Amino acid sequence: MQPFIEMNKLNLYYGEFHALKDVSVQIPERAITAFIGPSGCGKSTLLRTLNRMNDRIPGARVEGRVAIGGIDIYSGEVHVESLRKKIGMVFQQPNPFPKSIYDNVAFGPKQHGIRGKKKLDELVEQSLRSAVLWDEVKDDLRRPALSLSGGQQQRLCIARALAVEPDILLMDEATSALDPISTFKIEELTHELKDRYTIVMVTHNMQQAARVSQQTVFFLNGEVIEHDATRQLFANPVDSRTQDYISGRFG
Amino acid sequence: MSVKKPAHPTLAYSFGKRRGASVLLDRLFTGLVWGTGIIVILFIVGLLFLLLEKGLPQLSWNFLYGLPSEIEEGGGIGPALFNSFYVLIISLIVSIPIGIAAGIYLAEFAPNNKLIEVVRICVEGLSSVPSIIFGLFGIALFVEFFEIGLTILGAAISLAFLNLPVLTRVTEESIRAVPVELRNASFALGSTHLQTIRRVLLPVAMNGIMTGICLTAGRAFGESAVIILTAGVSTSGEMWDFNLLSPGGTLAVHLWYVQSEAIVPDAQEIAQKTTAVLIIVALLINIVFRVPLWLNERKNKA
Amino acid sequence: MIDMNPSTNSKAPAELGQSFGKTSGSKFDRKARLRWSNQLFRMICIGSALFVCLVLLCILVLMLRTGVLTFSNVSLTEFFFSTNWDPENEHYGALTFILGTLALTSLTMLISIPISVIIAVFLAEMTPKWLRNLLRPVLDLLVGIPSVVYGFLGLTLLIPWLRNLSGHDLADGLLAASIVLTIMVLPTISRISDDAISAVPNKYRDAAYALGANRFQTVFRVVLPAARSGIMYAVILGMARAIGETMAVVMVIGNTAQLPNSLFTPTAVLTSNIVMQISSVEFDSTWNYGLYMMGFILLAISLLMIVAVRILQKKGGRYS
């Protein structure tokens, strides 16, 4: 498979703290890649370097190369807002804006200069359908988004991310705050989305990684320990630390 | 997986500049906010420095301590400065116990019924009443009803009314902020409600209450409308006049009086020096009480 | 906190023992005394709370009762709709002052709201940490400067500048007063708005930035709308302060009972007129009653604003 996202000798520092050490990972397009590992191992940090959300943290410093579609995203020509338009992100806590459902989904397109009610209406419907939320909310799109349940809010956040028509979807422990039924719905959803989007997800839950991803990367203390096809990694881990982690001996 | 996927738009991928307008707007906005923020704050602080610069170098002990003069040059502000603190202290003595007790009631005893809602609305309402209304109230009460004229006592009590709602609210909020576990721990040890309030809640809430008292004191020190109406613009002209029924012009009032009505030849100078004293005392009241709080905040954050 | 614990601990067993010994006479006395002091303390607290209510009630009744006496000699229409305030000749039209207060407050808010919100955004969203830690205390200290000092500042620094700039002989008037008031309310509005903006959870900012919004878009479309009720609260507080401010206004507004035809014409507002005239009138005169009526109008306006704040807080509670 041709790598879509390529990280080469990536190092990240928060001030003195060395959070990512010589990370080199290649992520294929139109598949789900899962990052697993114990808390604080750097997997979320790595996710946030992909859409440069770490830029907002004072003292964060990146060395090495991260390329998406062959372009180094930390080079001077890259415009960070345009980059983020191509990369949707879903966070651990559902974070819809305190606005209506419609305004949440239309927020991104409006930022990027899409005007015209008809165009926006279409985009909103299409995004909500993609996020399998349309049937539940179509009767009243003017409802405040915060009146939805947690699982619905998270799917709304996915719809909001899809509305800017990204190529990549980053999911930062997107189901960890949800109940099992909502989690299941989101996992199903990612399964449908992977034919159209390159999905990178961080998860705490190894069963989840095994269930939904095609590729799995195991991190420990800011280093990549093992990267393989998911089935392979869970069935026959090469490194003993991976073995220990997936069999629940630590983390 | 059998479906053939269309090729990803990997080639000719670019994250180039967006439409110029929104980028320009962002730059403009950043510049505007930085510019306004720095210029306005510098402007206000600069104006105060100008006032200090005019007044400070002329200050002397004689001025701070001296008696005011109606006709000749060289008058001081002794009695006015004394009255400022005297009125302030009496007003605090009157308002602190009542304000704290009312705050305790709202935080601890009040059942959640209609009455409590009324009390709370009254406290909020009273805190929004313009200070000059307290002055008018003071005139009606002390000058008209009790017929004691313009006095330190009248001013201090009117000022106490002004302070009351602030103290009540601050006390209530500080006590409510005490963690429930502490409260439960005290009750579990068999303390009565009164003991819990006195030994646990008040000491923990003291920090917040002290801030409230400091804010109140600062405000009361600089208050002039209430004092002009209830204590008049003049002093008894003597130093250390503890008589509650003397006229009670304070320093803030003195500044206004000197500036607008006095006929002494050096009125301008006196006004400048008085301003400097007012600014410094107000800053001192605020700083002295707040420094421990700031340090605390730093410590908690670190 | 920690040094208190020993005393609580040492007392507790004693009280426990005492409750076991209910039959013992002297112990019973102590228990009764405790209960009695509890009751007394409770009564004191209730009394104090009621006292606060009583003060407000007295103020309301007194202002209204005294103010209404105006209308035994002056018609309602004259008082509210005439601009002729000439008590020596029995003319009691208060419209000039009412309009003056409204105009001054509006002008002040017009200048101070945009600037304050910008400063709040500056403090909450843009400044590096060290600058924020420096500026926040400075603004807090500015709130504590006495209002006469701001009035004096207007009188001795601003008015001469305005005179030069505008070419008027007298620059006392609405503009000078609103600049002074702006300087006074600006720290209040911007600090409370700053707190409101800082309280907007970071997850909203993350979401907006992740969608490719720039800072301008994030602040205006997400952060400020989310902090809306807090900012409104700040504005109302600032407005209440501007309406009720007396001495700073007296020193720069010119104190002339006339409708101004420009921003540089001396005029008067409710507060300034009350404080300038109250000490020279008899208590039992229509003149005095008129001044109390003006006070009542001020009181009514400020109480209405509290109602507005309460409604806002109820509304704002939905999001938080």
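The largest cavity in this predicted model is lined by A:M171, A:E173, A:A174, A:T175, A:I186, A:E187, A:T190, A:M201, A:V202 and A:Q208. A search of the whole structure turns up five cavities of 30 Å³ or more.

**The largest cavity**

- The space inside the largest cavity comes to about 50 Å³.
- Two elements of chain A, the helix α7 (180-193) and the strand β8 (198-202), each contribute at least two residues to the lining of the largest cavity.
- α7(A) gives the largest share of this lining, with three residues.
- Sorted by class, the lining of the largest cavity holds five nonpolar, three polar and two charged residues.
- A:E173 and A:E187 are among the lining residues of the largest cavity, and both are of the charged class.

**The second largest cavity**

- α6 (150-162) of chain A and α8 (202-210) of chain C each supply at least two residues of the lining of the second largest cavity.
- With three residues, α6(A) provides the largest share of the lining of the second largest cavity.
- By class, the lining of the second largest cavity has seven nonpolar residues, no polar residues and one charged residue.

Technical notes: Residues numbered from 1 in each chain as written. Chains lettered and ligands numbered in written order. Predicted model: local features only at pLDDT ≥ 70, side-chain atom pairs only at ≥ 80, totals over all residues. Heavy atoms only, no water. 1 Å grid on protein atoms, 1.4 Å probe; cavity = no way out; pocket = protein on both sides within 12 Å on 5 of 7 lines; lining within 4 Å. Points joined across faces, edges and corners; volume = space filled by probe spheres on them. Helix = DSSP H or I, 4+ residues; strand = E, 2+ residues; numbered from the N terminus.
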